[in-house]
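Hi everyone, thanks for coming. I'd like to walk you through a structure today, so let me put it up on the screen.

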Amino acid sequence: MKEFWTSLASLLGVLAFCQTLLQVMFPPELRVASLHFLNYIINKANEIRHKNRERLLYIHSRRGLLYSRGHPWESEPFKHPSTFDTLAMDPERKRDIVEDLRYFAAGQAFYQRAGRAWNRVYLLYGSPGTGKSSMIAAMANFLGYDIYQLELPHVHTNSELRKLLMNTSSKSIVVVITGTDCSVNLSNRSEAPYATPPRSYYDPGAPEATRGSEDGNNSMVTPSGLFNFTHGLWSCCGSERIFVLTTNHIEKLDPAFLERSRINMRIHMSYCSYPALKILLHNYLGSAAEDLSEVVSSELREAVEKAKMTPADISEVLIENRRNKERAVSELLEVLRARAENEKYELNTMEEEEEKEEQEEREKRTLESPKEGSDCGDDSCKVEEDDEEKKAI
């Protein structure tokens, strides 16, 4: 492999020299065509080098310290095996995502012509275990991009967030873990007190009162601080970057994250469906998944739609029984049926509780309303009661 990269580097050097030589020696009519051909070869060689290089996973400092060489990111080799072929998801939905990624990667001319930053923002949402991390790894492996994992609770201000993002490279995926899954509060930022922010590792000696975001909020990271970098003026700092926002609870997410102008594609990572189950069976059991009888397939289809199990939970069942494929299928069917019964029980219990609450509310309104059959208003009834008291005296 080392010899291959050495040869490729030498080839690129020769091609660069040929470019210079063509500009000097060849007539203009031959020079243009030759330069186009050489540029095509150089671009293809760069693509091959980028695709085959070792990809990296970057994490940022959590302890207020800079890493080696004054850089806020530390990298580790990224060797996650997830691909779109092994990703447990509806095949049609996967095809849509792959096509969107392919058009983005080849869209430099389009974004330049349209006057837009060459960025794209995805929102991944769903319960834990539905495959959000596997989706991100599959995207990185498909495009050959590095990954930057950004946890917002460890970023103190919009200014620090901007500096972190400015230190990310092109051809990368920036994974933003939102506050609904961590300790930072992005859902009620208008109600948060203006507390003193923690000390910044970018300028430890600076007064705390002078540090903060450009919008004057020193105590927290705001959605505008992120989207100013994806769609605002700071979006020109780098190109060919994908931002992936992840959350387990989309209903708790700040509405600013849901605006169509800021999110290019929403991807719901749902519970395991039957098409996704077939992919898992093929991943863990091989060809045995395709040899299932129609009866077993029908039972699995019915059970998985009712069970509401995540791909991660189903994978664990298959891994535990992978040595015996028939046992793995039967065990999975039992687990799915048990989960479906549990879901049914919980649904019935929830409906009974809601019905009970509605009944109590109706009884409460009945007690608070005037007695039935009363022909007088409140004032007239009060007058009649006063007359009766006087007669008794």
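Let me start with a question: of the 393 residues of the protein chain, what percentage count as buried? The answer is 37%. Please keep in mind as we go that this is a predicted model.

Now the overall layout. The protein chain has twelve helices and seven strands. If you take contacts between residues at least 6 apart in sequence, 75% of them join residues at least 24 apart.

Let's go to helix α6, which covers residues 158-166. Seven of its nine residues are buried, so α6 is largely enclosed by the rest of the structure. Which residues of α6 are the buried ones? They are Asn158, Ser159, Glu160, Leu161, Arg162, Leu164 and Leu165. As for what they pack against, there are four strands with these ranges: β1 at 56-60, β2 at 73-77, β4 at 146-151 and β5 at 172-177. Helix α7 and strand β6 are also packing partners of those buried residues.

That brings me to the aromatic rings. The count comes to eight aromatic pairs. One of them is formed by phenylalanine 229 and phenylalanine 243, with an edge-to-face arrangement, 6.4 Å centre to centre and 75 degrees between the planes. Elsewhere on the aromatic side, Phe104, Phe110, Tyr111 and Trp118 come together as one aromatic cluster.

My last stop is a helix pair. Two packed helices are described by the angle between their axes and the distance between the axes. Here the helices are α8, residues 274-285, and α9, residues 294-307. Their axes come within 9 Å and cross at roughly 120 degrees. α8 and α9 are therefore oblique to each other, and their crossing is right-handed. Who makes the contact? From α8 we have Tyr274, Leu277 and Leu281, while α9 brings Ser297, Leu300, Arg301, Val304 and Glu305. By residue type, this contact divides into five nonpolar, one polar and two charged.

Note on methods:
Residues are numbered from 1 along each chain as its sequence is written. This is a predicted model: local features need pLDDT of at least 70, side-chain atom pairs count only at pLDDT 80 or more; totals for chains, interfaces and linings use all residues. Side-chain values use heavy atoms; hydrogens and water are left out. Rings of Phe, Tyr and Trp (its six-membered ring) pair if their centres lie within 6.5 Å; planes under 30 degrees apart count as stacked, over 60 as edge-to-face and the rest as tilted. Axes are lines fitted to C-alpha atoms, for helices over the stretch in contact, and angles run from 0 to 180 degrees between N-to-C directions. Helices (H or I, at least four residues) and strands (E, at least two) are DSSP runs, numbered from the N terminus. Angles under 35 degrees count as roughly parallel, over 145 as roughly antiparallel, 65 to 115 as roughly perpendicular and the rest as oblique. A crossing is left-handed if the near helix is turned anticlockwise from the far one by less than a right angle, and right-handed if clockwise. Contact means heavy atoms within 4.5 Å. Ala, Val, Leu, Ile, Met, Phe, Trp, Tyr, Cys and Pro count as nonpolar, Asp, Glu, Lys and Arg as charged, and the others, Gly among them, as polar. Buried means under 20% relative accessible area, exposed over 50%, partly exposed in between (1.4 Å probe, protein chains only).
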